[in-house]
Amino acid sequence: MSVPVITASAGSSWEARLASLAGADPHSAVQIVRRCVDLFDLLAVAALGTARCVLVDARLPGLDRNAVTTIGGHGLSIVGVTADHVGEEQLRGLGIRTVARGDDSYGSLLAAVSIALDDGTVAQQPPVEVVSAPGGKVIAVWGAHGAPGRSTVAMSVADECAARGGPPLLIDA
């Protein structure tokens, strides 16, 4: 039985190589359920519960401790993938314990997934802080059933609100 995984690579070659080899092997130890294009996509897909592990590149823009905690809070194990020692230190600083090199063999990447799953620990979600704010705005992102990009646009709007100092609440239904 293959392990369902999500990848987020910032265009690195390791992800394309992994997808190609896993897709060509009907008995592969991993099944890539989603190849995420950015952090927003990764966070949305992680919340769906369709995977058990995430392989994330150290160079993924916006990757921080909060994102790692959120991914772990969804019960996913995380493998950080990097090309060098600096990236490895960065990933470990974010709380990612299992790190693989992007130029490693296919087998080594699969072994890293196995190690992350066997570790059995995932990051815990931070405590929720309840903040009461008078007023506020509701912004709806809508599109016809099957229209692409609604979740990505909604996450981008929420991120921009947060960057401007507002505490956004995103509900993606």
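Which residues does proline 61 touch, not counting residues up to four places away in sequence? The views below come from a predicted model.

**View 1. Proline 61 in the loop between β3 (53–57) and α3 (65–73)**. Proline 61 touches Ala10 and Leu39, leaving aside residues up to four places away in sequence. Leucine 39 and proline 61 are 22 residues apart in sequence, while their C-alpha atoms are 6.9 Å apart in space. Proline 61 counts as exposed because its relative accessibility is 60%, where the cut-off for exposed is over 50%.

**View 2. The open sheet of 5 strands**. The strand order is β2-β1-β3-β4-β5, with parallel pairing. β2 (30–36) and β5 (98–101) are the edge strands, each pairing on one side only. On average, neighbouring strands of this sheet are turned by 25° against each other, direction ignored. Strand β1 (residues 3–8) runs parallel to β3 and is joined to β3 by 4 bridges. Valine 5 stands opposite cysteine 53 in β3.

**View 3. Helices α1 and α2 on the sheet**. Helix α1 (residues 13–24) packs on the sheet and touches β1, β2, β3 and β4 (77–82). The direction of α1 makes about 140° with that of β2. α2 lies across β1, β2 and β3, and runs at about 130° to β2.

**View 4. Helix α6 (residues 150–163) and its buried residues**. The 14 residues of α6 should span 20 Å at 1.5 Å a residue, and the end C-alpha atoms are 20 Å apart, which agrees. Ala154, Met155 and Ala158 of α6 are buried. These residues lie on the same side of α6, because they cover an arc of only 100° around the axis. An α-helix has 3.6 residues a turn, so residues three or four places apart point the same way. The cover over the buried residues of α6 includes α2 (39–46). Just after α6, glycine 165 takes a positive phi of about 95°.

How values were computed. Residues are numbered from 1 along each chain as its sequence is written. This is a predicted model: local features need pLDDT of at least 70, side-chain atom pairs count only at pLDDT 80 or more; totals for chains, interfaces and linings use all residues. Side-chain values use heavy atoms; hydrogens and water are left out. Helices (H or I, at least four residues) and strands (E, at least two) are DSSP runs, numbered from the N terminus. The expected span of a helix is 1.5 Å times one less than its number of residues. Buried means under 20% relative accessible area, exposed over 50%, partly exposed in between (1.4 Å probe, protein chains only). The arc is that of the directions from the helix axis to the C-beta atoms. Contact means heavy atoms within 4.5 Å. Two strands pair if DSSP finds at least two bridges between them. Axes are lines fitted to C-alpha atoms, for helices over the stretch in contact, and angles run from 0 to 180 degrees between N-to-C directions.
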